[in-house]
Amino acid sequence: MSGHFKEIFGSTINTLGTIQAAIGSTPSFHLSKETNYQLRLVGNVLQGTGSALSAGGQGTISLEKLGDEIQAIGNSTVVTGLILYLLSNTQTEQKLIITGNWIQALGSFVGLTDEFFDHTAAGRIENIIGGLLQGIGNSLQAIGGTEQLKGLSSQQNLGTIGSWIQATGAVLSLIGQVKEELDEIVLNINE
């Protein structure tokens with residue numbers, strides 16, 4: 001599998017995962033607690049897998065690759081927290097989920113910085129806005145989780161809003177990634 005295809009495929013899987021997790025985080029859809037949990041769990045597994053595939057598609061060490069790797073670690077942390085939360089539902093598991101969201105935000109911002117140095121102009125604006133939205137979305141999820149943990153909010157509104165902001169950012173990043181990779185493929189063919 002070529003690096004370009006890996007990055008596009010990874011970004012697609014990541015995007016599907018963020019949308020799935022956002023659906024699972026939205027109480028107004030009136031899904032069962034079990035369905036919401038499964039959507040969040042599988043969504044985060046898909047996000048982590050997508051980020052790892054995207055990182056694997058990078059040709060060289062870069063901030064984009066590092067950002068993808070950090071995001072995959074963040075998703076793995078959220079998945080661990082979700083699995084343990086199902087078993088014991090303590091503050092430790094909730095803290096893991098919050099920490100995982102902060103790690104994902106960090107990964108988004110690290111990857112975002114690479115766009116300012118990328119030599120490929122195609123897709124740059126979508127990748128910048130998408131990365132920024134994903135970082136903001138993950139941060140809001142972490143803040144919402146912290147508020148719930150401290151008993152400051154019984155609502156999941158901030159986390160739900162953050163999930164959908166992250167999903168919107170992932171869609172924009174996917175569009176940007178496709179544009180960037182296709183442009184790089186054309187450049188390689190013409191050389």
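1. Start at Asn89. This residue sits just after helix H3 and takes a positive phi of about 45 degrees. Keep in mind throughout that the model is predicted.

2. Next, H3 itself. The helix covers residues 63-88, 26 residues in total. From first C-alpha to last, H3 reaches 37 Å, close to the 38 Å expected at 1.5 Å a residue.

3. The other end of H3 has a cap. Ser62 caps the N-terminal end, with a side-chain oxygen 3.4 Å from the backbone nitrogen of Glu64.

4. Now the core. The largest nonpolar core has 6 residues: Tyr37, Leu41, Val78, Val79, Leu82 and Ile97. H3 gives the most, with 3 residues. As background, nonpolar side chains in soluble globular proteins tend to be buried together.

5. Leu82 is one of the core residues. What does Leu82 touch, not counting residues up to four places away in sequence? The list is Tyr37, Arg40, Leu41, Asn44 and Ile97. Of these, Tyr37, Leu41 and Ile97 belong to the core as well.

6. Finally, look at Thr18. This residue lies in helix H1, residues 3-24. Is Thr18 buried or exposed? Its relative accessible area is 1%, so Thr18 counts as buried, the cut-off being under 20%. Leaving aside neighbours within four places in sequence, Thr18 is in contact with Gln47, Gln166, Ala167 and Ala170.

Definitions and conventions
Residues numbered from 1 in each chain as written. Predicted model: local features only at pLDDT ≥ 70, side-chain atom pairs only at ≥ 80, totals over all residues. Heavy atoms only, no water. Helix = DSSP H or I, 4+ residues; strand = E, 2+ residues; numbered from the N terminus. Buried < 20%, exposed > 50% of the residue type's maximum accessible area, 1.4 Å probe, protein only. Contact = heavy atoms within 4.5 Å. Expected span 1.5 Å × (residues − 1). Polar contact = N/O pair within 3.5 Å; in protein donor to acceptor, adjacent residues only side chain to side chain. Core = buried A, V, L, I, M, F, W, Y, C linked by side-chain atoms within 4.5 Å.
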